[in-house]
Amino acid sequence: LALNIPVIAVIGVSSIVAIYVGKIARKAGLPSLIGYMILGTFVGTSVLSLISENSLNHLQFITDIALGFVAFTIGSELNLKILKRLGKGIILIILAESFAAFFVVGAAVYLLTGDLPMALIFGALAPASAPAGTVAVIQEYKTKGNLTKALYAVVGFDDGLAVIIFGFSAALAARILQAESSSVSVGFLSSVTKPLLELALSLGAGTVLGFIFSALARKLRPLNEIPALIFGFITLSIGLCMWFNLSLILTNMMLGFVLANTTSITSARSIVGQLKDYMPLLFILFFLLAGAHLQISALPALGILGIVYMAARTAGLMGGAWLGAVMGKSESKIRKYLGFGILSQAGVAIGLSLIVRQMFEEIGSPHALAIGATVITTVTATSIIFEIVGPICAKFALGRAGEIPKKSDSGSRE
Amino acid sequence: MNFEFTTLFLVGIAVSLGLYSGKAATKIGLPALIGYMILGTLMGTSALEIFPIRTVHGLSFITDIALGFVAFSIGLELSIRALAKLGRSIGLIIIFESLLALLMVTAGVYLLTGDLPLSLIFGSLAPATAPAGTIAVIQECKAKGNLTKALYAVAGFDDGVAIVLFGFAAAFAKLLLVSESSGSGAEFNLLASAGKPFMEILLSLGAGGLLGYVYTWLIKRLQSQNEIPALTFGIIAIGTGIAAQFHLSLILVNMAVGFIVINTTSTRVYQTITSRLKPLMPILFILFFFLAGAHLDISMLSSIGTIGVVYILARSAGKIAGARIGATMGNADVKIRKYLGLGLLSQAGVAIGLSLLVFQEFREIPGEHAAAIAGSAVTTIAATCIIFELIGPVLTKYALKKAGEIPSEN
């Protein structure tokens with residue numbers, strides 16, 4: 001199609017159509033965001049090409065801002081009192097699901113290919129999760145209960161662990177490849193300390209900004225200016241994260257976390273509550289663009305490797321979550337269903353695989369280059385599946401756990 | 001260094017600091033938007049250069065949407081029922097304040113320079129007002145009353161009249177210049193260039209009206225109010241896109257949408273829509289005026305010269321006197337007669353946009369005269385807009401206060 005429709009009009013039409021596609025998805029028992037994503041795929045580069053790759057890159061800021069709001073929301077739900085009530089179970093779950101995903105995927109890929117650096121890399125990518133899908137489902141169905149709270153905590157904090165696991169094992173894989181080709185070595189130590197530093201800086205920057213933000217937000221009147229303040233601080237921290245390569249999710253989560261824990265519950269509620277009108281629009285834009293980014297043509301590249309990766313990652317996350325919940329003596333619905341809620345994987349994983357490719361291009365040996373290329377095509381393909389299956393499983397889990405209120409299916413009254 | 005990070009970081013700084021510079025401005029009795037603009041000017045290209053012009057251009061997506069929302073909210077205030085109450089005086093006021101601004105500026109500049117095409121161009125730029133400033137002051141002060149309603153109506157509708165008058169006067173000036181440089185055979189051009197702005201206005205109103213009907217049709221059938229922001233954003237984005245594609249007026253298109261909404265739905269629907277817009281408007285206002293401020297080039301202030309001074313005085317006199325004559329002829333309230341003109345002095349986006357049109361079109365005309373006029377129009381309008389944007393909102397607030405339409409809690 002050679003029609004040159006302005007992107008802004010395409011986005012406008014899509015966000016209106018999305019409202020209705022979302023309703024159709026709900027009628028089919030699926031979360032609305034699946035509808036938005038499918039619509040986005042049609043509009044995007046794979047099918048109609050109404051939005052060019054170039055304009056998609058220009059609109060990246062919308063995705064980033066939406067993700068910042070998602071992370072902020074997660075943080076604001078994490079009141080320390082609530083976390084304490086959930087107990088050490090949460091910490092054990094985060095540790096177990098992340099490490100289990102790493103080990104199961106690593107082992108499976110090694111058994112399949114016998115290639116150790118490759119196995120390390122796929123293992124390193126496995127813990128990374130995409131919180132937006134889970135949070136969108138929670139907000140759409142207005143779920144309430146301990147599983148909901150546990151999900152907020154897990155999808156938020158496991159990003160930090162994922163960064164560390166990735167940093168360590170990617171450095172290890174690079175080390176092995178360098179020894180093979182005896183090329184110039186990149187310092188091992190620096191590539192291990194870097195992720196730790198990144199994590200500390202993300203948490204630190206988020207905390208400092210969080211204190212300033214909370215002090216301002218508590219005093220700000222009229223209340224309808226609160227969204228402007230939140231928007232300002234979220235975009236500011238996103239900009240900071242891009243500048244210093246910090247984690248957008250962790251930094252913005254801390255922003256909300258500090259607010260929730262330094263402010264009375266009622267006033268924190270009323271501050272965050274100012275956003276609720278606009279979260280649906282943000283989710284529509286976020287998943288429309290996510291869908292538009294999906295490259296259906298990448299699906300055939302899935303191959304056996306991709307299928308093994310998906311199966312092993314799913315098994316690792318679910319098994320790990322179960323194990324952690326058992327060890328921490330969490331209640332039975334968390335033990336049974338939490339693993340279903342954390343399967344989404346999207347932008348963060350693709351971003352990490354881009355870093356792998358860049359790192360391995362610097363090493364330059366044929367083996368390294370081959371791994372770099374395989375990782376990026378495989379993860380692009382598996383993300384399509386995880387991005388669709390993840391939220392559906394999250395909805396299934398919350399439904400089974402009885403945390404979806406009966407009324408919310410009509411959703412009209414307030 | 002990549003471009004993306006700078007932009008978001010700076011946008012964040014702009015919005016958070018903007019919020020408080022607006023509060024500082026309110027403290028000393030100025031409208032908040034002056035605070036946003038001064039911050040923008042300070043951080044923008046002309047002072048600290050923290051906010052490079054490249055970044056400003058990269059944000060046109062946001063500024064366009066923001067302007068669309070502002071225009072939409074103007075349209076939402078143009079209720080025919082309320083307008084009917086104000087009577088035909090509004091129509092008379094719009095015609096007289098626009099015409100008188102055009103005539104006085106043309107006469108003033110002609111007396112100064114003796115250059116007819118130049119005077120016509122400045123005259124044609126005079127009627128345009130910047131409704132965003134006026135609306136922001138009204139919303140900020142929560143003003144209520146007949147003067148407030150009249151300001152909404154006049155500031156909203158006179159954009160259309162301003163574009164019509166600009167179209168005719170600019171076409172006439174162009175004709176003079178072309179015949180000056182080539183001799184004759186320009187009758188055909190006169191028709192063509194007079195028809196174009198008319199088409200532009202009609203198409204803008206038509207497209208916006210159509211979108212407005214689609215919007216109301218959809219909004220009456222929405223099952224959940226949570227979907228209102230998405231629907232509103234969608235319609236405004238479409239309107240903005242259509243305007244960009246077919247060179248229509250972004251303001252008129254989105255205003256027409258709001259106009260249809262307010263006049264074809266119940267008050268309850270109107271109230272739900274505006275209550276959903278409330279949390280969004282401060283962000284849009286801050287960004288819009290911050291970026292407008294960042295665009296301004298302070299060094300131009302010195303080059304404003306006598307033409308600029310004459311332009312400012314003649315335009316102000318024309319607006320104030322014209323509004324008074326129109327209001328008197330239409331038997332409007334005494335307070336409308338006295339104070340309305342003071343609320344109409346802001347001038348920004350539309351006038352700068354129109355002056356850029358002159359710049360582009362006149363550069364293609366052979367001869368140095370046209371080129372000189374084009375350059376002079378752009379710099380002078382940019383410089384005078386700074387002044388009008390600084391004094392316009394202040395005077396609007398003064399007028400509203402004098403008319404007793406600002407609740408005392410403020």
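**Helix packing between chains**

Author: Helix α14 (residues 279–293) of chain A packs with helix α11 (residues 228–246) of chain B at an angle of about 55°, their axes 7 Å apart. The model is predicted: local features need pLDDT of at least 70, side-chain atom pairs count only at pLDDT 80 or more, and totals for chains, interfaces and linings use all residues. Residues are numbered from 1 along each chain as its sequence is written, chains are lettered from A and ligands numbered from 1 in the order in which they are written, and side-chain values use heavy atoms, with hydrogens and water left out.

Reader: What makes α14(A) oblique to α11(B)?

Author: The angle is about 55°. Angles under 35 degrees count as roughly parallel, over 145 as roughly antiparallel, 65 to 115 as roughly perpendicular and the rest as oblique. Therefore α14(A) is oblique to α11(B). Axes here are lines fitted to C-alpha atoms, for helices over the stretch in contact, and angles run from 0 to 180 degrees between N-to-C directions. Helices are DSSP runs (H or I, at least four residues), numbered from the N terminus.

Reader: Which residues of α14(A) and α11(B) meet?

Author: L281(A), I284(A) and L285(A) in α14(A) meet P229(B), A230(B) and F233(B) in α11(B). Contact means heavy atoms within 4.5 Å. By class, this contact of α14(A) with α11(B) has six nonpolar, no polar and no charged residues. Ala, Val, Leu, Ile, Met, Phe, Trp, Tyr, Cys and Pro count as nonpolar, Asp, Glu, Lys and Arg as charged, and the others, Gly among them, as polar.

Reader: Why is I242(B) called partly exposed?

Author: I242(B) lies in helix α11 of chain B. Its relative accessibility is 23%, so I242(B) counts as partly exposed. Buried means under 20% relative accessible area, exposed over 50%, partly exposed in between (1.4 Å probe, protein chains only). Setting aside residues up to four places away in sequence, I242(B) touches A207(B), L211(B) and L248(B).

Reader: Why does P127(B) count as buried?

Author: Its relative accessible area is 0%, so P127(B) is buried. P127(B) sits in the loop between α7 (116–125) and α8 (131–141) of chain B. Beyond its neighbours within four places in sequence, P127(B) has contacts including D158(B), L165(B) and K319(B).

Reader: What about C241(A) and C141(B): buried or exposed?

Author: C241(A) has 3% relative accessibility, so C241(A) is buried. C141(B), at 3%, is buried.

Terms used:
Helices (H or I, at least four residues) and strands (E, at least two) are DSSP runs, numbered from the N terminus.
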